[in-house]
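User: Hello! I would like to learn how to read a protein structure, one feature at a time. Could you walk me through it?

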Amino acid sequence: MTRRALAVLLAAVAAVLGLGGAALVSTPATPATAESAASAPATPEPFGATVLIGTGGITWTDVSEKDTPNLWMLLRDGSSAAMSIRSVETNTCPVDGWLGLSAANRAAAPRDGTGSAQSRPCGPLEEPSGGVVPGWAEFQESAASRKFDSKLGLLGEAASKSDICIKPVGPGAAIAAAMPEGTTDRYSTYSPSTLLVDMNTCPLTIVDVGSVRDPADIAEGEEPVAQSRREQIAGVDQRIGEVIDAAPGGADFIVASLSDAGVTERLRLVVARGPHFGPGRLNAPSTRQPGLVQAQDIPATVMSLTSVAVPDGLGGTTMTSEQAPDNSERRAADRLQSLVDYDLASHEVHSLVPPFFNTFAYGQLVIYLLVLLVWKGKIGGPDTRRRVLGIVRVVAVAAASVPASTFLANLLPWWRFPVPMLSIVGAVGLFVALIAYAALRGPWGRAALGPLAFVAAVTVAVLAGDVITGSRLQQSSLMGLQPVVAGRFYGMGNVTFALFATSAILLATAVSSYLVSHGRQRIAAIVVLAIGVATVIVDGAPFWGADGGGPPAFIPGIAYLVLSILGLRMTWQRVALIGLGSVALFFAVAFLDWLRTADSRSHLGRFIQAIIDGNALDIVVRKAEQNWSILLGNAPLTLLVPAALLFVIYVLARPTSWGSRGLGKSFDKAPTLRAGLIALVITLTIGFLINDSGTAIPAVGATVAVPLIVSVVVRNLEEDLRAVAGTRRARRS
């Protein structure tokens, strides 16, 4: 390629990336914001009193018209949502929930005992002594050590600066309303006889009505409550009714279940009723999911309702109400069912993820072993090996169809069936069968790269379509986003990026191999570039994928493939140029996202704000620690990472070795296959190095790539065996 041709190519790349950048700059409303815009203002106009009623351990599955009449009334007449309460630890203790309100961010108290934090008992909530919250110094030390930039007392301090007083009632409320030094003014213990006076003291009243602690679920060493879970829920519901009756007319009520009932983490409930919250659904820009909010949205909303100046950099956003047509019992029942679906799907899938990955990871290792034995001639004669290879090809294509099928399975309400494990396996299996059948039996099925191209295209289409339409299929899916974990609620996480990027590179490889084999190198390079730009836009756009670590990992890989197609060597100068361009693109997109309003920013814009605030290093260190702990763990994925990567690197490095003869022949028949696999290794390796929890990226990418590579190799080996069998028959005749 001449220098002039190279200059033209680079100009084309810059132009296309410029178009992509223009697309990234546009800021259409996120799904949740768009849905709520017609029914409520982005920031409520404050008036009247605001009452925040805090409890814990209650989910929407606990609510019914008969057993919890006050919660049912709030559901019917107010706006409701499922709420992720994840704080610092896996499960959230009552004190953690109240500390999170105080800091408007993630915070947790230290826990006594040994072993995992989840298995340690929760500490008790204690009444203030001398106007100071007990244990406040320990709470502050714990918050500072977690690197979440959580400032305890932020809510109380912000209210004080705005000349808004807070009336705390109950020990949890004292924590939420405390000043940064732990002092709490106007405190009262909960008493039905004094509620009428307490509720008319300040514009903002926070009431602790007690938390439910499940005697069958609490950690060893925690003193169980004498009452049953059902009795505790009934008591909480009664106290909620007492607070509502004592509150001044025209008040806004927010009832939030801020903590778990024991060691089991779960989505909890939040419901709001009042002038700002009519019958309908609560939404929050922080999650972009209709009817799903997070605990950090509560303090942001309370501050907006009470004219408190909202500080920058909060973990949550202001909740808004999407109005329903009316408050009929039927519509309330429908809303309750959708909220229960959120809870059940999240709860059931969370426990199924470990066994799913165990089975999937070890099952793939069995496939690799079987292929190895066939390659080595350890299984039967030529006829037997041909039949085994045929079975292996079908199994490999089916295995590669599993990731996309785990998302499509959420089109079916599998969580409503009595045995969730069987129902979700059946739902995934249905889509696996459909995708694999189409991949193998379609007109492309006979070509070695045909099934690879089809499965990769389906995976790209499913994931791209999902993030563009709001990431609905990813919610509570086996390989998607887990609301109860609260790591991410929309866009491309590490798992989805690995699947998306891997499938995009494999699709580009298959298409370019076909074009190059027909002498159309330049067209192949343009097509691959187009696939790459589309992938970067979908993955990196703040309103779609919102993935900061994806594009810098993907661009070098796709650039290598384009240069290889054009016959250009990857020099150190080009490597540096691509690397700097990737980093520049990340910061450009993050800066454009930061220019939007605080409620509209994704984590890209929030990272720029963290740089401005001086706490970006804490974020980087925390994510690095997460990656290191996962790398040293014993999860099946950490076993699959070296197995898959070493397998691919070995056969790429030694294309004539005994272990890769079939792949070497595949390289001859598919001219860009080797370059595509190298591009994939580049992307997955960089993704592993620069992302938090990055260990999952090469492992998950391998769940698609390795089976599809196996299917290509097996197809070529089948053809060789047929040729050998044909030669033998010809000699006999």
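This is a predicted model: local features need pLDDT of at least 70, side-chain atom pairs count only at pLDDT 80 or more; totals for chains, interfaces and linings use all residues.

User: Let's begin with the overall make-up. How many helices and strands are there in the protein?

Analyst: The protein has 24 helices and 9 strands. Of its 733 residues, 57% are buried. Looking at contacts with a separation of 6 or more, 73% join residues 24 or more positions apart.

User: How do I describe two helices that pack against each other?

Analyst: Two packed helices are described by the angle between their axes and the distance between the axes.

User: What about H15 and helix H17: at what angle do they pack?

Analyst: H15 and helix H17 (residues 550–565) pack at about 10°, and their axes are 11 Å apart. Angles under 35 degrees count as roughly parallel, so H15 and H17 are described as roughly parallel to each other. From H15, the contact includes Ala-504, Ala-508, Ser-512 and Val-516; from H17, it includes Ala-553, Phe-554, Ile-558 and Leu-561. The contact of H15 with H17 has 11 nonpolar, 3 polar and no charged residues.

User: Now single residues. Is Ser-405 buried or exposed?

Analyst: Buried means under 20% relative accessible area, and Ser-405 has 0%, so Ser-405 is buried. Ser-405 sits in helix H12 (residues 382–408). Beyond its neighbours within four places in sequence, Ser-405 is in contact with Val-428, Phe-431, Val-432 and Ile-435. A polar atom of the Ser-405 side chain lies 3.2 Å from the backbone nitrogen of Val-432.

User: Where does Gln-474 lie, and what does its side chain reach?

Analyst: Gln-474 lies in the loop between helix H14 (450–468) and H15. Gln-474 is also buried, with a relative accessible area of 0%. Its side chain reaches the backbone oxygen of Gly-491 at 3.0 Å. Setting aside neighbours within four places in sequence, Gln-474 has contacts that include Phe-407, Asp-466, Leu-481 and Thr-496.

User: Which residues of helix H10 are buried?

Analyst: In H10, the buried residues are Asp-297, Ile-298, Pro-299, Ala-300, Thr-301, Val-302, Met-303, Ser-304 and Leu-305. That is 9 of the 9 residues of H10 (residues 297–305), so this helix is largely enclosed by the rest of the structure.

User: Last topic: what should I know about phi?

Analyst: Most residues other than glycine have a negative phi. Just after H10, however, Ser-307 takes a positive phi of about 65°. Asp-163, in the loop between helix H6 (154–161) and strand E3 (166–169), has a phi near 60°. Arg-186 is not a glycine either, yet has a positive phi of about 60°; Arg-186 is found in the loop between helix H7 (171–177) and helix H8 (195–198).

User: How accessible are Asp-163 and Arg-186?

Analyst: Asp-163 is exposed, with a relative accessible area of 72%. Arg-186 is partly exposed, at 44%.

Definitions and conventions
Residues are numbered from 1 along each chain as its sequence is written. Side-chain values use heavy atoms; hydrogens and water are left out. Axes are lines fitted to C-alpha atoms, for helices over the stretch in contact, and angles run from 0 to 180 degrees between N-to-C directions. Helices (H or I, at least four residues) and strands (E, at least two) are DSSP runs, numbered from the N terminus. Angles under 35 degrees count as roughly parallel, over 145 as roughly antiparallel, 65 to 115 as roughly perpendicular and the rest as oblique. Contact means heavy atoms within 4.5 Å. Ala, Val, Leu, Ile, Met, Phe, Trp, Tyr, Cys and Pro count as nonpolar, Asp, Glu, Lys and Arg as charged, and the others, Gly among them, as polar. Buried means under 20% relative accessible area, exposed over 50%, partly exposed in between (1.4 Å probe, protein chains only). A polar contact is a pair of N or O atoms within 3.5 Å; within protein, one must be able to donate a hydrogen and the other to accept it, and residues adjacent in sequence count only if both atoms are side-chain atoms.
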